[in-house]
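Take a look at the structure below. This briefing covers the ligand site first, then the salt bridges.

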Amino acid sequence: MKILVVGGAGYIGSHMVKQLALSNHDVVILDNLSCGYQDAVKYGELVIGDMGDTKVLDRLFSNNKFDAVMHFAAFIEVGESVINPGKYYHNNVSNTQVLLDAMVKHDVKHFIFSSTAAIFGEPQYTPIDENHPQNPINPYGRSKLMVEHMLEDYDNAYGLKSTCMRYFNAAGADPEGELGERHNPESHLVPLILQAASGRREDIKIFGQDYATDDGTCVRDYVHINDLCEAHSLALTRMQKTGNSARYNLGNGKGFSVQQVIDSAKQVSGKDFKVTITKRRAGDPAVLVADSTLARQELNWQPKFDQLETIIETAWQWEIDFLVRQ
Ligand code: UFG
């Protein structure tokens, strides 16, 4: 297949590009490099441009007959979205609509969308399945939910089929060491812990130890980046076969506390490092764990890197290699 990966120079997108290319798909990457890295594009053809630019899209869709589009080009910082919602609605909603309109215009019928657990807001029960009420509590989550609604309408009106992939906590790195997680600034737990382990960072701060969990720290469902990408490939195949839109919650169904992730990182890296308890971060639910039964049943999705240690091992390898490259 010929697939356009929007945001393919970012963390999840670059891993997806590799997996698609190694499965013999023809991949074109569109990325404006605002968050992505040119050197993360190891496969396919990179077009530097913005998904909100109709001229770029018209050229791209006229020159290529794409079978599908995968979209990873959103801003993802919850805290920033509260301070600067305009940035989120502009890119994550308006620019996505420009992309969808270009697909409709050029008759591209299959779309895979990076969505998030943040569309659910404060959990009413856990693990969270696809029927859980959707009440996002920040502009980031709302921007993703708006696109999910838009996709439903575009399916009804224009026959554009989509699959929404709601990630819980994407983590880990390419087991072959070619790719990994790089955000600037970094805000995600696993890379921050490993930067403390490698000495790049003075300490790791735990945001709150007074939650209603076993050890008082927040519980999350960490899912390996390659397993997430695998789910995308399976979802695309299924969507093309059935002709139906779908949405899936993607996680391992196992929760780990911040303290457990730190303990595991100490064990995997063999390094001790300073841990500082600080106050809660605004907007963090105590527990977020996915019920991924639907993805397992409908897609036959079977995560391979489902042990926390394995996820951390791959991320640690990337961190060590990063230091060597510096
Ligand atoms: N945490 C710390 N210290 C840090 C960083 C994080 O204690 O320095 C804690 C957070 O409070 C949270 C957990 O570690 O309890 C995980 O935090 P991350 O920032 O790594 O991930 P989130 O669960 O906040 O966010 C993830 C995605 C977001 C998405 C969100 C909801 O990274 O993009 O899930 O779906 F919006």
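Is aspartate 284 buried or exposed? Aspartate 284 has 17% relative accessibility, so it counts as buried. The cut-off for buried is under 20%. Keep in mind that this is a predicted model.

**The ligand and its shell**

- The ligand has 21 residues around it, and Thr116, Leu189, Lys205, Arg281 and Asp284 come nearest.
- By type, the shell holds 13 nonpolar, four polar and four charged residues.
- Strand E8 (203-207) and helix H6 (189-198) each give at least two residues to this shell.
- E8 makes the largest contribution, with four residues.
- Domain 1 (2-171 + 223-250) and domain 2 (189-220 + 253-325) both supply shell residues, so the ligand lies between them.

- In the side chain of aspartate 284, an N or O atom sits 2.5 Å from a ligand oxygen.
- Asparagine 169 places a polar side-chain atom 2.9 Å from an oxygen atom of the ligand.
- Alanine 117 uses its backbone instead: a polar backbone atom there is 3.5 Å from a ligand oxygen.
- On its own, the ligand has 680 Å² of accessible area, and the protein covers 91% of this.

- The model has 18 salt bridges by count.
- One of them joins arginine 281 to aspartate 284, with the closest N and O atoms 3.1 Å apart.
- Both of these residues are also among those nearest the ligand.

- Aspartate 174 and lysine 18 form a salt bridge through their side chains, at 2.9 Å from N to O.
- This pair links distant parts of the chain, 156 residues apart.
- Lysine 18 belongs to helix H1 (residues 11-22), while aspartate 174 is in the loop between strand E7 (169-171) and H6.
- Aspartate 174 has 5% relative accessibility, so it counts as buried.
- Lysine 18 is buried too, with a relative accessible area of 5%.
- A network of salt bridges links Lys18, Asp174, Glu176 and Glu178.

**A partly exposed salt bridge**

- Lysine 87 and glutamate 80 meet through their side chains in a salt bridge of 2.9 Å, N to O.
- Lysine 87 is partly exposed, at 29% relative accessible area.
- Glutamate 80 also counts as partly exposed, at 29%.

Terms used
Residues numbered from 1 in each chain as written. Predicted model: local features only at pLDDT ≥ 70, side-chain atom pairs only at ≥ 80, totals over all residues. Heavy atoms only, no water. Near = heavy atom within 4 Å. Polar contact = N/O pair within 3.5 Å; in protein donor to acceptor, adjacent residues only side chain to side chain. Areas by Shrake-Rupley, 256 points an atom, 1.4 Å probe, with all protein chains shown as cover. Nonpolar A, V, L, I, M, F, W, Y, C, P; charged D, E, K, R; others polar. Domains from an automatic or database assignment. Salt bridge = Lys/Arg side-chain N within 4 Å of Asp/Glu carboxyl O. Buried < 20%, exposed > 50% of the residue type's maximum accessible area, 1.4 Å probe, protein only.
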